[in-house]
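Thanks for sending this one over for a look. Here are my notes as numbered points, to be read with the model open beside them.

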Number of protein chains: 2
Amino acid sequence: MRRRSKASLTDVAHEAGVSLATASRALSQPELLRADTLERVRRAATKIGYRHDRVASTLASGRSSTIGVVIPTLNSPIFSDTLQEMQRALAAADYQLLVASHEYDPAGEFAAAEKLLSHGVDGIVLVGGSRPDATWQLVERSGTPVVQMWCGHPDYACVGVDNFAAGSIVARHLMSLGHRRIGVITGHLRHNDRQRERFRGVCEAMEEAGLTLPAAYHTEQSLSVPGGRIGCSILLELTDRPTALIGTVDFIAIGAIAECNSRGISVPGDISIAGIDDIELSAHVSPSLTTVHIPSRRIGTETVARMLSLIKDERRKEHVLLPIEIVDRHSTAALNR
Amino acid sequence: MRRRSKASLTDVAHEAGVSLATASRALSQPELLRADTLERVRRAATKIGYRHDRVASTLASGRSSTIGVVIPTLNSPIFSDTLQEMQRALAAADYQLLVASHEYDPAGEFAAAEKLLSHGVDGIVLVGGSRPDATWQLVERSGTPVVQMWCGHPDYACVGVDNFAAGSIVARHLMSLGHRRIGVITGHLRHNDRQRERFRGVCEAMEEAGLTLPAAYHTEQSLSVPGGRIGCSILLELTDRPTALIGTVDFIAIGAIAECNSRGISVPGDISIAGIDDIELSAHVSPSLTTVHIPSRRIGTETVARMLSLIKDERRKEHVLLPIEIVDRHSTAALNR
DNA sequence: TTGTACGCGTTATCAT
DNA sequence: ATGATAACGCGTACAA
């Protein structure tokens, strides 16, 4: 003898004097009902305080109106920019966002994806395209549409940017200013294909210019301001100190600027510093940061758009690359020599 | 004749030669089974690639292992810090996070909460305690446990800080340095009780010291670096220019510093600037920002802890206030006069 | 320790 | 335009 706390559709149907089926249609396909029946059902629903139960709906229909997103961390201005836009776009389409983060751990990503899938998400969004086969098989077997963000495996849809190009662009910019000794601070490359690509981009651009990046001129740090400070300290110790520094994310570059500022090293007088991302803050640090603009918000909206069409139409594993461009500000200057 | 793509528990039971009930127990209460039956079921499950369907599980049990969070925006270092920790804590307890944001719009918050509730969340987390009755009634009637973050309505559980005190603390700190003309840049107060409290705290502290804050010395801006810059510009125009500025969030204070820097106004030489939040960045801007430390990560973990105990134990609408403290850095200095 | 059988609230198919 | 009814996949008394 359990008391039902919530009113069900059956109750509504009863109250309105119609069948369950009719009551259901009143919500999903109101156009199929006669105006007065529709009205009666609606009245009944509000009268007894009915609230749609999407769980039951999901079970019966196989659609959950839910999209899962698996990201490395919520705690990053880049991802939160993107997430915020995804949330907005999804809500507008009456979808709900489920998020899971894994802090750059492949096993954690697998677990997160599995949980999301078990919750019946209609689509799953992943960051990057590099992950264990097991994870790919998991989503593959579930038959759930998948969209990758930032960069991705060619077999699946992706909305992102050319991270390799981003790396090349900063490197070339610095070289065009006359810099030859360039230090690079990246995030940890191991489980991060975005970072790997950016770094590769830097290296190849330098090689094309006949330069090579000595191993000592590259350091991997955490993707944060403190990471940038540490990386900067390390590179400043080099005997042939670099005349320019690249942080492969803005936070790192900003940290490098902070470190130089606190050491009385003038940026860009003594050393030029550039980043990649163009987070909002970068325009406001001093000196303002030269960087490569990555349209993180648009990645969010476009990803959602792709996902919704993937769910609706047929599967096209299209890759869309959003445009990027250098944003020349005040943290870089020509090498005076 | 519909083909079932996924293996169900029934299939597992069949494969293992046990009943559906036994198969179900193998997952939820393995201790009730004999070791060998358990093993048989598990083998069968992996053999046919069974994956738990939490949707069906939710419908049958009434528990979704899901917590909904309604926040103003994902796009803020404070909230994403908190969210990241919530995600971590929830995942550890096998809960899934559903997030919805509403960009400081009460109607949007209502809609977000309603959708979350319709998805059967086991608990719902809200930010702040000020919202239309309709929203409160919505969650009240759903019978879903609710925890507020940052600050809250006394009738419901809350994990937060004393925002009023935070405001008072910065104001007193500045006054202790000799400042009497203090300008205040807040976010928009209308739908933001955290901001209102902080501002009230500033005002009362000043009144206690025999000072009053002229209306012109307060400006409401967006909660962002650009907002801080604009607010700063406005306050710098005053004929009796303030000798100190309070940004009621760090981003605003950082914007104010940036504005002063770019105008050649020395901080803290010409003007002192302080914030509230202590986001990671604040230690790294130059000059580093004096601010009030708000334990945003702990708010996340504690909120989750409260929520889980609320779901399990009986309902206690306890309010927990986390400690805050001034972090004295280099953006503030004694008034030299 | 294991099995039987019903219910969860909705959607969808087939009649009428 | 509306109704009857069978899934959907699992949890859980209750029975054995």
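**Notes on the model**

1. Let me start with one residue in a loop. Asp277(A) sits in the loop that links β9 to β10 (291-293) in chain A. Its phi is positive, about 140°, although the residue is not a glycine. Please keep in mind that this is a predicted model. As background, most residues other than glycine have a negative phi. Is Asp277(A) buried or exposed? Asp277(A) counts as buried because it has 28 C-beta neighbours inside 10 Å, and the cut-off for that class is 20 or more.

2. The loop it belongs to runs between α5 (77-92) and β2 (96-101) of chain B. Asp94(B) is exposed, since 8 other C-beta atoms lie within 10 Å and a residue with 12 or fewer falls in that class.

3. Next, the peptide bonds. Val267(A) and Pro268(A) are joined by a cis peptide bond, with omega about 5°. Pro268(A) belongs to the loop between α11 (250-263) and β9 (272-274) of chain A. In chain B, a cis peptide bond with omega about 5° joins Val267(B) to Pro268(B), and Pro268(B) lies in the loop between α11 (250-263) and β9 (272-274) of that chain. For context, most peptide bonds are trans.

4. On the overall form of chain A: it has twelve helices and twelve strands. What radius of gyration does chain A have, and what would a compact globule of 337 residues have? The value for chain A is 26 Å, while such a globule would be near 20 Å. The C-alpha trace spans about 90 × 40 × 35 Å along the principal axes of chain A. Buried residues account for 52% of the 337 residues in chain A. Among contacts in chain A with a separation of 6 or more, 70% are between residues 24 or more positions apart.

5. Now the interface between the two protein chains. There, 43 residues of chain B are in contact with 43 residues of chain A. On the chain B side, α4 (54-61), α5, β2, α6 (106-118) and α11 each supply at least two residues. Which element gives the largest share of that side? It is α5(B), with seven residues. By type, the chain B side divides into 15 nonpolar, 21 polar and seven charged residues.

6. β2 (residues 96-101) of chain A pairs with β2(B) in the antiparallel sense, over three bridges. Within this pairing, Leu98(A) has Leu98(B) as its bridge partner, and Val99(A) has Leu97(B). Inside chain B, strand β1 (residues 66-71) runs parallel to β2(B) and is joined to it by six bridges; there, Val70(B) is partnered with Ala100(B).

7. How enclosed is that strand? β2(B) is largely enclosed by the rest of the structure, because six of its six residues are buried. In a regular strand the side chains alternate between the two faces of the sheet. Both faces of β2(B) are covered, with Gln96(B), Leu98(B) and Ala100(B) buried on one side and Leu97(B), Val99(B) and Ser101(B) buried on the other.

8. Chain B also has an open sheet of four strands, ordered β7-β6-β8-β9, with parallel pairing. β7 (218-220) and β9 of chain B are at the edges with a single partner strand each, so one side of each has no neighbour in the sheet. On average, neighbouring strands are turned by 15° against each other, ignoring direction. β6 (residues 182-186) of chain B pairs with β7(B) in the parallel sense over three bridges, and in β7(B) the bridge partner of Thr186(B) is Glu220(B). Helix α10 (residues 225-236) of chain B packs on this sheet, touching β6, β7 and β8 (244-247), and its direction makes about 150° with that of β6(B).

9. Last, the DNA. Of the 30 residues around DNA strand D, those that come nearest are Ser19(A), Ala21(A), Thr22(A), Leu9(B) and Ala60(B). Which helix gives the most to the surface near DNA strand D? That is α2(B), with six residues. The residues of this surface divide into 14 nonpolar, ten polar and six charged.

Definitions and conventions:
Residues are numbered from 1 along each chain as its sequence is written. Chains are lettered from A and ligands numbered from 1 in the order in which they are written. This is a predicted model: local features need pLDDT of at least 70, side-chain atom pairs count only at pLDDT 80 or more; totals for chains, interfaces and linings use all residues. The radius of gyration is taken over C-alpha atoms; the globule rule is 2.2 Å times the number of residues to the power 0.38. Two residues are in contact if their C-beta atoms, placed from the backbone, lie within 7 Å. Ala, Val, Leu, Ile, Met, Phe, Trp, Tyr, Cys and Pro count as nonpolar, Asp, Glu, Lys and Arg as charged, and the others, Gly among them, as polar. Two strands pair if DSSP finds at least two bridges between them. Axes are lines fitted to C-alpha atoms, for helices over the stretch in contact, and angles run from 0 to 180 degrees between N-to-C directions. A residue is near a molecule or strand if its C-beta atom, placed from the backbone, lies within 6 Å of it.
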